[in-house]
Amino acid sequence: SKESHIQNAIKFAAECDYKVTVRSGGHSYTGSSACHTSNCMQLDLTGMTNIFILGHTITADPGPRLSDFASYTMLFSLSIPHGGCSHVGVGGHMQSSAWGMMSHSHGSGLDRVTGFRMVLANGEVGAYSRDDVDDTVYKSVLGSAPGSFGVVSQYTFAGVPDSEGPHTRMITISIPYTKSRFLAAFKQTQFIVKDQEQRDVRDMKILLVAGPDTEDVHTADCYIRIYAIWIGVDTGAMPQSLKDLYLQPFWDMPHQGFPISADAPAPLAVATRLMVNQWTNHNDRYAVQAFHSDYWWSDEFLEILAEEVDARVAMMPDIYPNFQFLPLGLNTQWARNAGMNSITWRDTRAYVDDWMFVKNESDYEKT
């Protein structure tokens with residue numbers, strides 16, 4: 001629950017030849033926060049939950065979950081870029097990607113880290129800053145393999161005040177699934193991001209998700225859900241012309257009503273918090289792959305993806321997808337911040353997280 005506990009644990013590990021893994025939320029796709037060998041000790045940092053705010057500076061332990069972190073910073077009208085899964089811990093997240101709904105306008109959450117404290121392999125504590133003359137450790141920890149250089153015990157962030165996004169709008173649209181609607185929505189989502197890249201603006205982050213409800217009642221109903229935040233860092237308030245160009249094609253499809261589908265202004269910190277969800281997918285077993293490219297996908301490739309998603313939807317409810325299209329662009333702040341740290345995948349346009357869930361363990365292998 002405090003830094004000295006980490007020091008004592010690491011000293012013990014060194015003396016007794018234990019490997020060390022680190023857990024702040026337990027969301028590692030590769031299981032890196034779990035022990036896979038004998039003589040291995042997992043350091044669980046979920047009890048380190050302090051957050052302090054002074055002006056626009058946020059100091060946080062590694063243990064707060066993203067939902068708690070965003071709820072607290074929202075009280076001070078501050079936010080930073082981060083992901084949308086509520087149970088992810090700050091510790092590992094801020095060493096991996098911290099990609100989220102602010103990434104078009106403000107890059108990665110790692111880009112907002114101004115410094116951190118870290119317990120080293122010898123049990124000593126080091127402090128590292130963006131302003132270090134030799135910033136090798138600072139850059140390496142942020143975006144390289146989490147936990148490889150030491151155990152981060154505290155982060156300091158430069159928060160983004162709501163005043164930097166006075167024109168923020170939060171948009172959600174839920175469309176009952178059909179293959180033709182999925183394909184149309186996919187093409188429109190890619191068009192929006194591609195159009196912003198061509199015009200060199202970073203106003204709107206949008207993503208598309210296809211799958212059943214991720215919480216509570218699980219049925220064979222599948223939805224195409226559009227999640228977007230307009231921050232307007234380059235254009236200001238969203239003009240009607242862009243509402244017509246970007247959003248109207250979604251609204252023209254059959255969709256669920258308010259409040260599930262909505263377009264409303266919101267303070268930036270509030271919008272960022274509301275975009276954090278549980279995403280438990282009923283705690284079913286899953287397999288996941290991710291793929292991205294530095295070019296925009298052709299209509300032919302989108303047709304192939306639509307065929308694949310349609311085949312997966314046909315297996316619901318016992319086997320079901322959570323297909324997520326998360327485009328970026330070579331003009332975004334995510335791309336512009338290349339070199340600030342060790343994140344390698346800055347040159348990303350089209351990007352997919354492709355999940356398959358099974359309710360029956362025996363279905364896992366054949367899936």
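In this predicted model, the largest nonpolar core holds 44 residues, and the members that touch the most others are I58, F69, F116, Y155 and F157. Setting aside neighbours within four places in sequence, I58 is in contact with I51, F52, I53, F69, T73, L78, I80, Y155, T156, F157 and G159. Another core, of 40 residues, lies apart from it, and its members include I175, A185, Y320 and F325.

Helix packing comes next. Helix α6 (residues 179-199) and helix α7 (residues 240-251) have axes that come within 9 Å and cross at roughly 160°. Angles over 145 degrees count as roughly antiparallel, and α6 is therefore roughly antiparallel to α7. The crossing in which α6 passes α7 is left-handed. On the α6 side, the contact is made by A185, Q188, T189, F191, I192, D195, Q196 and R199, while α7 brings L242, L245, Y246, P249 and F250. Sorted by class, this contact of α6 with α7 has eight nonpolar, three polar and two charged residues.

The phi of D200 is near 55°, a positive value in a residue other than glycine. D200 is partly exposed, with a relative accessible area of 45%. A positive phi, near 50°, is also found at N281, again a residue other than glycine. N281 sits in the loop between α8 (268-274) and β14 (285-292). With a relative accessible area of 4%, N281 is buried.

Two cis peptide bonds deserve a visit as well. One joins F258 and P259, with omega about 5°, and P259 belongs to the loop between α7 and β13 (262-265). Another joins M316 and P317, where omega is also about 5°; P317 is found in the loop between α9 (299-313) and β15 (319-325).

Two further residues round out the tour. R23 is part of strand β1 (residues 19-23) and is partly exposed, its relative accessible area being 23%. Although R23 and Q42 are 19 residues apart along the chain, their C-alpha atoms are separated by 6.9 Å. Not counting residues up to four places away in sequence, R23 touches S33, Q42, L43, D44, L45, T46 and R65. S140, in helix α5 (residues 136-141), counts as buried because its relative accessibility is 17%. Beyond its neighbours within four places in sequence, S140 is in contact with F149 and S342.

Terms used: Residues are numbered from 1 along each chain as its sequence is written. This is a predicted model: local features need pLDDT of at least 70, side-chain atom pairs count only at pLDDT 80 or more; totals for chains, interfaces and linings use all residues. Side-chain values use heavy atoms; hydrogens and water are left out. Axes are lines fitted to C-alpha atoms, for helices over the stretch in contact, and angles run from 0 to 180 degrees between N-to-C directions. Helices (H or I, at least four residues) and strands (E, at least two) are DSSP runs, numbered from the N terminus. Angles under 35 degrees count as roughly parallel, over 145 as roughly antiparallel, 65 to 115 as roughly perpendicular and the rest as oblique. A crossing is left-handed if the near helix is turned anticlockwise from the far one by less than a right angle, and right-handed if clockwise. Contact means heavy atoms within 4.5 Å. Ala, Val, Leu, Ile, Met, Phe, Trp, Tyr, Cys and Pro count as nonpolar, Asp, Glu, Lys and Arg as charged, and the others, Gly among them, as polar. Buried means under 20% relative accessible area, exposed over 50%, partly exposed in between (1.4 Å probe, protein chains only). A nonpolar core is a set of buried Ala, Val, Leu, Ile, Met, Phe, Trp, Tyr and Cys residues joined through side-chain atoms within 4.5 Å.
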